[in-house]
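Dear colleague,

I am handing over the structure below, and after it you will find notes on what came out of going through it. Please read them alongside the coordinates.

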Amino acid sequence: MYDIIFVGEKTPHYTKLKDKFVNLKYAPNFAMAQSMVVTSMFWIIWDDLLIDNAFDFSYTPEKWDQKVIHVFKNADKYNGVCLYPKRVEIHPREAQYRFFANKKEIDILASTPKPAYDVVFISYKEPNADENYARLLQKMPWAKRVHGITGIHQAHIDAAKLCQSDMFYVVDGDAYIDDNFDFQMTVSVNEQNIVHVWRSLNPINRLTYGNGGVKLLPRKLTLNVDTASTDMTTSISVRFKAMPEISNLSTFNTDPFNTWKSAFRECVKLSSKIIQGQQDKETEIRLSQWCTKGKDKSFGDYCIAGALSGKEYGEKYKGDTSALKKINDFEWLEKKFNDNTNS
Amino acid sequence: MTTQIVKSLYHVLDNPNFNKDCLAAGQIKSKDWLVKKVEDHCPDLGIVFLCAGWYATLATLLFESKVIITKIRSFDIDSSCCEIAEQFNMPWFADEWKFKATTFDILNLTYPLTYNTLNDKKEKITLTDMPDTIINTSCEHIPNFNNWYSNIPHNKLVILQSNNFFELDEHVNCVNDLDDFASMAPLSEILYEGELDLSKHGGYTRFMRIGIK
């Protein structure tokens, strides 16, 4: 097998590939990569590629092709993994842009490109956050993380500060990303002030809507979000788009408090009708499901208790902004949980 | 409120392919029964694959019910069904294809499914969908049922109906009772199972299973 060299920044994807290919080498740039080669040809894996699990690096070109650069498919384009002859002479710009004067395009999928938008994982005290983040990194090695920031608004502002792209994806700490979800969607310029929210599957009552789903947020609007608002997502922008696909399983039922807290907060929002664009038919069905279904599931009784308590609180304090805002204060929620579950 | 099924009749009655049997009392009762049980047990269906959907009158009843639906994709191998199905579901078809019918053999379904469908100019459009719910109310018509059923991923919501009307030649997969149905279509979690006596509407019993595969 030929030498395989990872070129660019050492992302977690490099670590994962290193586990798979013990002889994987690393170089910060193409020239250094070429200087360390000992085989007659060599592979380059650029740091903005996600290698397809099925791709076979034992590929060997026919003898008469071994003096030509081979470029493999990167999603639907030929600009991904390359196989170079050891003594190839190319201009540094050719290497930089992966646009070669003399090349052979190979119709084998080797990789998918890094998505256009940053991805940030936001966790606080979710017991399964590390596990969920590790799963996300398998799919999205470039995903960043914001952890332990007090206040949901501040955590999102900090996430926006980490990003360079105009929009960024947010994954919650309890989100177990669906196998079929990818982060490849991009939006046109006139849609860049829209908050996009995918559906998540609730493991207790099987509701499937935006609560706990992956979000695509406009970076600048998130940086300027009104920290006094109750529902962070819908206060970033008045424009909101519910995406039809399911992005994740919302694994919030990890212990009594986290389960109760998630149900309480969501049912306060539903029953007080603070979410812009909320439809009565859907709200009623969702509230009813939260308050009645899933007792037999893990921590299902805490989910129902939190939902009933949240529904009562939301109905009582409908329109009372300062009372509703308390659902973003985790210390207050913990006290409320203790009062509710000890009574 | 007049159901869209009635409103659509003015249009579909002119279609020479239209089979009025879709409005038979047994058909409507069976679908109404399904809608009521879904409202009670699993009112959020998300993205639905309606398999062997025929004219998709079930989709109309679901859209008009208390059930939350993201979108419905109806598949039937009979190419004459699409136009009528879309007529019955016109408000949702017109709403960015919240409903869409496609001629497709459900034995070739994959999850997710990338498939070609026709727009109103009869141009081919490629769609990809991953369902949350799979409905099949014609299990008695499905040859190779095991192949179709085993293809459905685990943890999906499935809603199935079959019957014991063995007398019809096209009924290649009838069941005797609910136990028979359960062994044919096992579920990891049963949300509802029951039977509907249709002895006055053809002399048979319809069976239904709703649950998580």
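**Backbone and interface notes**

B:Ala56 sits in the loop that runs between β1 and α3 of chain B. Please bear in mind throughout that this is a predicted model. The phi angle of B:Ala56 is positive, at about 55°, although the residue is not a glycine. B:Ala56 has 30 C-beta neighbours inside 10 Å, and because the cut-off for a buried residue is 20 or more, B:Ala56 counts as buried.

The loop between β1 (44-51) and α3 (57-63) of chain B also holds B:Trp54, for which phi is near 55°, again a positive value in a residue other than glycine. B:Trp54 is likewise buried, with 21 other C-beta atoms within 10 Å.

Elsewhere in chain B, the peptide bond that joins B:Tyr111 and B:Pro112 is cis, with omega at about -5°, and B:Pro112 itself is placed in the loop between β3 (99-103) and β4 (113-118) of chain B.

As for the contact between the chains, 12 residues of chain A meet 13 residues of chain B. On the side of chain A that touches chain B, the elements giving two or more residues are β15 (239-250) and α9 (280-292) of chain A, and α9(A) gives the most, with four residues. By residue type, that side of chain A divides into five charged, four nonpolar and three polar residues.

With best regards

Definitions and conventions: Residues are numbered from 1 along each chain as its sequence is written. Chains are lettered from A and ligands numbered from 1 in the order in which they are written. This is a predicted model: local features need pLDDT of at least 70, side-chain atom pairs count only at pLDDT 80 or more; totals for chains, interfaces and linings use all residues. Two residues are in contact if their C-beta atoms, placed from the backbone, lie within 7 Å. Ala, Val, Leu, Ile, Met, Phe, Trp, Tyr, Cys and Pro count as nonpolar, Asp, Glu, Lys and Arg as charged, and the others, Gly among them, as polar. A residue is buried if 20 or more other C-beta atoms lie within 10 Å of its own, exposed if 12 or fewer, and partly exposed in between; C-beta atoms are placed from the backbone.
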